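Colleague: I am new to this structure and would like to go through a few of its parts. Could you take my questions in turn?

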Amino acid sequence: MRNRWLFSLGHLLTPIMICIAMARSAFDLSYVFLIVLSSLWALILTRWVDTQAFSGQARKLPVALMVMDISLLSLILAIPDWSVFSPIWIMQSILLLYAVEYGYRTSVLFGAAIIALATLFELKLNVPLEQFVSDLFPFVLVASLNVVVIGKVTDKLQRLAYCDTLTSLPNRTFMQAALQESVAQAAETKQKAAFLLFDLDSFKHVNDTLGHEAGDELLLQASVRLRSQLPLGVTLARFGGDEFTAIISPYDHVDDVQEVAELILNALREPFHISGIPLHISASIGISLYPQHAGDAAELLKYADAAMYSAKKQRNHYEFFRPSDAADSAERLFLESDLTAALGRGEFELYYQPQIRHGSIIGFEALLRWNHPTRGLIPPASFIPLAEQRGHILGIGNWVLVTACRQFRDMLEQGHTLEHIAVNISVSQFYQLHFVRNIHNALIESGLEPHYLQLEITESAAMKNVPYFIDTLNELHKLGIKIAIDDFGTGYSSFNYLSQFPLDALKIDRSFIWNMDKGDKHVSVVGGIILMASALQLDVVAEGVETQEQAQLLEELGCTVAQGYLYGRPLPLREAYALLGEPGQHAAALTG
């Protein structure tokens, strides 16, 4: 409460009025009891309001106050020889306190109770109608104006301070206070509390592709679903951006917390229809528990955040905090700080892994590495997800594209006969505005002919927005650029979709290649992919080939292009040149 001392001290008017009533009336020992009772009530109220401000208990305050206030005012009105409407000014004073603190809805309810109460005493004491109307009308008029003006402003201020304007959910400020209160109550009652922090997977892609208005609409629809699915005892709030929180306090068993996490995931499972486009959105949820994981609200928030990033490795998943998450969180913070400046400091480098047909190098896949000044070579799995989450991937991706094209052009100019350079494109890059224009500009800047460039895009990127994906591929094909679906088999694209996509190649995910050693069934799966690609007139690239047996099986199945450690690890540019040898001699057989 913004004016909690004024609010609580204002209720001292009630015992003051009882003292005045006692002085004007015949002495009665019962008045002493009333004075003590009402004074004690005011003192308790002062302490309670001061300590419970914005807490879960404070939300029950208006009802408790009205019961006591109306009871005490009834005693004033019931005192013999006391004019019915003499205490109207105290009623209005307390009414305005309600308007300031709780808004017009609560104050209107309290004012209506006062009017009803006064009417009952008027009937009991047979006050003339003229006196009743003349005394009541000014009160109703003035109180109504004050309540509407002050109460409406108060409601607006409360919404701005504690309510998210987009979703109408409680906001971060409210959540932090509620979490502190939940922890305090759990500590006092020896109970348990749970804190869930979650965000929407790939939300940034929606903003980048469809615009911020579509992103806002998605947040609004998601909040409506979440609010309708979660139990009443769960405090749901929007933490900021696409992040939401849920507080469960108290809970009995961990199963109760898991059930809420499952409800969140299930609420988002059905597609959202934004601008006429069905979007499949999931959530990554981090969970921390009091007192098992943390002893205060700040630690609960920090540990839930660490657990959420652990959950994002799988997506559409929830994770409870583990001690190792804290170390991962510190490492992530360290990397994030250095990642921001890494591109400007020239710490990124491209490595090249050869792609082989019948023992000859026909091209390379460009793979990003980070040469950290103190930590050495950092693999992409350690920083690419972080770059995507923090929005650095667009700048990094553009650098990779231009650099790979330029360095491959230099290979060609030196006389090496190669077919293509493969460059991975992230989901964020593909769905950014003017993606095709950016690709075209990169080719112009690097001087590479378009038909040498092969963009590798994952199945998941393809299925995010199929119509947009098809239109974009068609534009790329018009430029002469080749397209390959990367990690094929790990997503959920169907034969029907593949037949619609203007593709040039499929790259079989390495997990299928590794499993071929386990039996004929796994070999048949790879054979089926190769046959399907052949039916669609697509080239097939097997990645992750590590043994001669795998290479032999792939050749028998009809796959003629492969890459993997059998033929060469990803190499820095100078070693890639060494692998190529002198121009015209790189066709020498590579067998590992």
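Colleague: How far apart are the end C-alpha atoms of helix H17, and what span should its 12 residues have?

Modeller: This is a predicted model, and H17 covers residues 435–446. At 1.5 Å a residue, its 12 residues should span 16 Å. That agrees with the distance between the end C-alpha atoms, which is 17 Å.

Colleague: Which residues of H17 are buried, and what arc do they cover around the axis?

Modeller: The buried residues of H17 are Phe435, Val436, Ile439, Ala442, Leu443 and Ser446. They lie on the same side of H17, because the arc they cover around the axis is only 120°.

Colleague: Which exposed residues are on the face of H17 turned away from its buried side?

Modeller: The buried residues of H17 pack against helix H15 (393–413), helix H16 (427–430), strand E12 (453–458) and helix H19 (466–479). The face turned away from that buried side carries the exposed residues Ile444 and Glu445.

Colleague: How are the rings of Phe469 and Phe501 arranged?

Modeller: The structure holds 15 aromatic pairs. In the pair of Phe469 and Phe501, the ring centres are 4.9 Å apart and the planes are at 65°. Planes over 60 degrees apart count as edge-to-face, so this pair is edge-to-face.

Colleague: How many residues apart in the chain are Phe469 and Phe501?

Modeller: Phe469 is in helix H19, while Phe501 is in the loop between helix H20 (495–500) and strand E14 (505–508). Both Phe469 and Phe501 are buried. The pair links distant parts of the chain, 32 residues apart.

Colleague: Which residues form one aromatic cluster with Phe469 and Phe501?

Modeller: One of the cluster's residues, Phe435, is also among the buried residues of H17. Besides Phe469 and Phe501, the cluster is formed by Phe430, Tyr431, Phe435 and Tyr468.

Colleague: Over which rings do the charged ends of Arg225 and Arg369 sit?

Modeller: For Arg225, the charged end is 3.7 Å from the centre of the ring of Phe272. For Arg369, the distance to the ring centre is 5.6 Å, and the ring is that of Tyr351.

Colleague: How many of the 13 residues of strand E9 are buried?

Modeller: Strand E9 runs over residues 360–372. It is largely enclosed by the rest of the structure, because the number of buried residues is 12 of the 13.

Colleague: In which sense does E9 pair with E8, with E10 and with E11?

Modeller: With strand E8 (residues 348–357), E9 pairs over 10 bridges in the antiparallel sense; the two form a hairpin with two residues between them, and His358 in the turn has a positive phi of about 50°. Strand E10 (residues 376–378) also runs antiparallel to E9, with three bridges, and a hairpin of three residues joins them. With strand E11 (residues 420–424), E9 has four bridges, and here the sense is parallel.

Colleague: Is Thr167 buried or exposed?

Modeller: Thr167 is in the loop between helix H7 (129–162) and helix H8 (172–189). Leaving aside residues up to four places away in sequence, Thr167 touches Leu219, Leu220, Ser223, Arg227 and Arg238. Its relative accessibility is 1%, so Thr167 counts as buried.

Key: Residues numbered from 1 in each chain as written. Predicted model: local features only at pLDDT ≥ 70, side-chain atom pairs only at ≥ 80, totals over all residues. Heavy atoms only, no water. Expected span 1.5 Å × (residues − 1). Buried < 20%, exposed > 50% of the residue type's maximum accessible area, 1.4 Å probe, protein only. Arc of directions from axis to C-beta. Contact = heavy atoms within 4.5 Å. Phe/Tyr/Trp six-rings, centres within 6.5 Å; stacked < 30°, edge-to-face > 60°. Lys NZ or Arg CZ within 6 Å of the ring centre and 35° of its normal. Pairing = 2+ DSSP bridges.
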